[in-house]
Amino acid sequence: MRYWNDNRKSCEHVEPREDWKESIEKWIDWMDAIGRTNDTLRTRWYQIVRFSKAVDKSITDVTEDDLIFYLAGMGTEGRRGVRSCVKVFYQWSMKRGLARRNPADEVPTVPMTLPSGCICPEENIEQGLASPDENARLAVMLGAFCGLRRIEMTRINLKTDLEENAEGMVLHVHGKGNKERILPVPARLAATLRKRTGVWLFPGDVQGHCGVDYVAKRIKTVTGYPSHSLRRRFATCVYYRNGCNIVLVSRMLGHANIATTMRYIGLVQDEMRNAVESTTRTDMRLTMPMNQVVGTAGGVATYSLSTARIG
């Protein structure tokens, strides 16, 4: 059996139901072979192991009712993750004759919430930037100024991931699912990064880089907010301060789906106030684009995009 934490081998909850063990191990090996990251493998391992223990049935006997009962009471993100895990596991199992049907097929997709999670307030960002802990300040800047995930912060290699060009410093970000992106580094953060030495921005105690908990703990200590709230703050700032360009925000966050990005952007109360107040003014002329017919060709109307005045 594969274990993800040597210190917890004796814990019962890391052991799957006995007749699931071999199948789970082969499934994890298969996902490893097709390039899934260690973080994904670890997450899927615990999800399917806990599911096997909870339903306490053989793989072939699990029904959609078992899955629905297991999902009941979970938060939205938890339900989405477990349903996806079970679905993929059973797709793999069916192809190998280990199961006859997929219990997740009859369970509706869990809708994403909008927006999702809290956004770190500006005063807490300033509080974090004033911390005497240099590593904490760096982590806050990477989250609030660049929108990095905590695991992306830990992977920064000072020798290979930072690059200088005519416009300034850029950062090669190693994201989820082995996806990489390049981000410009704001001058304030770049000045601090240039002073760092060594190989890893956040080195580990023994070798390699530190773990995600090291970064998360420092951010929480100096701001009072979880690390992901800085990423949401970044998304919200970039969106509202740069023409509400959702595509720009999505690319900078490293999202494959813009729908995911929309969940990161908070509603700014001033924007909402201005929006509703604007509807009460009746003495102004509104300008909006309209398609106007400018001619016909063969009985088919042709259009041009122009600006029409309404008022």
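This is a predicted model: local features need pLDDT of at least 70, side-chain atom pairs count only at pLDDT 80 or more; totals for chains, interfaces and linings use all residues.

I began with a side chain: a polar atom of asparagine 102 lies 3.0 Å from the backbone nitrogen of alanine 104.

Next I checked where asparagine 102 belongs, and found it in the loop between helix 4 (76-95) and helix 5 (122-129). Is asparagine 102 buried or exposed? I read 3% relative accessibility for asparagine 102, and because buried means under 20%, asparagine 102 counts as buried. Setting aside neighbours within four places in sequence, I listed its contacts as Val86, Lys87, Tyr90, Gln91 and Met94.

I noted an open sheet of 3 strands in the order 1-2-3, with antiparallel pairing. Strand 1 (162-165) and strand 3 (180-184) are at the edges with a single partner strand each, so one side of each has no neighbour in the sheet. On average, and ignoring direction, neighbouring strands here are turned by 30° against each other. Looking at one pairing, I found strand 1 joined to strand 2 (residues 168-174) by 4 bridges. Glutamate 163 is opposite valine 170 in strand 2.

My last stop was a helix pair. Helix 10 (residues 227-241) packs with helix 11 (residues 246-253) at an angle of about 150°, and their axes are 9 Å apart. That makes the two helices, helix 10 and helix 11, roughly antiparallel, since angles over 145 degrees count that way. I also noted that their crossing is right-handed. From helix 10, Arg231, Phe234, Ala235, Val238 and Tyr239 meet Ile246, Leu248, Val249, Met252 and Leu253 of helix 11.

Technical notes
Residues are numbered from 1 along each chain as its sequence is written. Side-chain values use heavy atoms; hydrogens and water are left out. Two strands pair if DSSP finds at least two bridges between them. Axes are lines fitted to C-alpha atoms, for helices over the stretch in contact, and angles run from 0 to 180 degrees between N-to-C directions. Buried means under 20% relative accessible area, exposed over 50%, partly exposed in between (1.4 Å probe, protein chains only). A polar contact is a pair of N or O atoms within 3.5 Å; within protein, one must be able to donate a hydrogen and the other to accept it, and residues adjacent in sequence count only if both atoms are side-chain atoms. Contact means heavy atoms within 4.5 Å. Angles under 35 degrees count as roughly parallel, over 145 as roughly antiparallel, 65 to 115 as roughly perpendicular and the rest as oblique. A crossing is left-handed if the near helix is turned anticlockwise from the far one by less than a right angle, and right-handed if clockwise.
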